[in-house]
Amino acid sequence: GELRVLKRHIDAVQGCALSKFGKVALSVSRDRQIVAWELAGKDVGHIKFANIAQAGWVSSCAISDDGRVAVTAGYDGSCNLWNMRNGQSLRTIIPTVRQIRGRRVISNCAVSGNGKVVVTAHDRGRCLVWKTCLEDFELAPKRAEKKLREELDAPE
């Protein structure tokens, strides 16, 4: 049966995800928010963190198997990576029009178990695969951002 109703969003919930062992849930909404919910112990239903995730509606979310990284994607055409411990934004990925060949909308996203690869789904039959460079980001943010920009601008 129903365990708990999770209430925070003020508009339609577009997506949700569970951590590998079911201790945390994510929800994303047309209200542009990502909300992480505690599902274990005495804090069931409490908000672990909540942030504005995108500039437009958020369409999708996923959590890496190791539980360290979450990813959100949305109608603003961006994909954001989040630190699951504290809710801080780690990186934003924005595909170029040339890469997606259509509207700048990301309808879905997925993240690898270790948080190092993200796949985003787009119009016109395209999925894009991205390296997150998170290990580099934690050690040297400016170098990692430069590396990511170079990858985004590289020809197909």
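A residue counts as buried when its relative accessible area is under 20%, as exposed when that area is over 50%, and as partly exposed in between. In this predicted model, Y75 has a relative accessible area of 37%, so Y75 lands in the partly exposed class. W57 comes out at 37% relative accessibility, and therefore W57 is partly exposed too. Taking the chain as a whole, 44% of its 156 residues count as buried. The chain exposes about 8,700 Å², with 52% of that supplied by carbon and sulfur atoms.

As for the overall layout, the chain holds three helices and 11 strands. Read from the N terminus, the order is β-β-β-β-β-β-β-β-α-β-β-β-α-α. Among contacts between residues at least 6 apart in sequence, 41% join residues at least 24 apart.

Back to the two rings: the search for aromatic pairs turned up one. That pair is W57 with Y75, and it is called edge-to-face because the ring planes stand at 80°, with the ring centres 5.6 Å apart. The two partners come from distant parts of the chain, 18 residues apart. W57 sits in the loop between strand 4 (47-52) and strand 5 (58-63), while Y75 sits in the loop between strand 6 (69-74) and strand 7 (79-83).

Next comes the inside of the model. The largest nonpolar core is made up of 15 residues, and V71, C79, L81 and V118 have the most contacts inside it. Two or more residues come from each of strand 6, strand 7, strand 8 (89-93), strand 9 (108-111) and strand 11. Strand 6 is the top contributor, giving three residues. What does V71 touch, once its neighbours within four places in sequence are set aside? Its contacts are S60, C61, A62, C79, N80, C109, A110, V111 and V118. There is also a second, separate core of 14 residues, with V24, A36, I63 and M84 among them.

Strand 10 (residues 117-122) and strand 11 (residues 126-131) pair in the antiparallel sense, over six bridges.

Conventions. Residues are numbered from 1 along each chain as its sequence is written. This is a predicted model: local features need pLDDT of at least 70, side-chain atom pairs count only at pLDDT 80 or more; totals for chains, interfaces and linings use all residues. Side-chain values use heavy atoms; hydrogens and water are left out. Two strands pair if DSSP finds at least two bridges between them. Helices (H or I, at least four residues) and strands (E, at least two) are DSSP runs, numbered from the N terminus. Buried means under 20% relative accessible area, exposed over 50%, partly exposed in between (1.4 Å probe, protein chains only). Contact means heavy atoms within 4.5 Å. Accessible areas come from the Shrake-Rupley method with a 1.4 Å probe; for residues, only the protein chains shown count as cover. Rings of Phe, Tyr and Trp (its six-membered ring) pair if their centres lie within 6.5 Å; planes under 30 degrees apart count as stacked, over 60 as edge-to-face and the rest as tilted. A nonpolar core is a set of buried Ala, Val, Leu, Ile, Met, Phe, Trp, Tyr and Cys residues joined through side-chain atoms within 4.5 Å.
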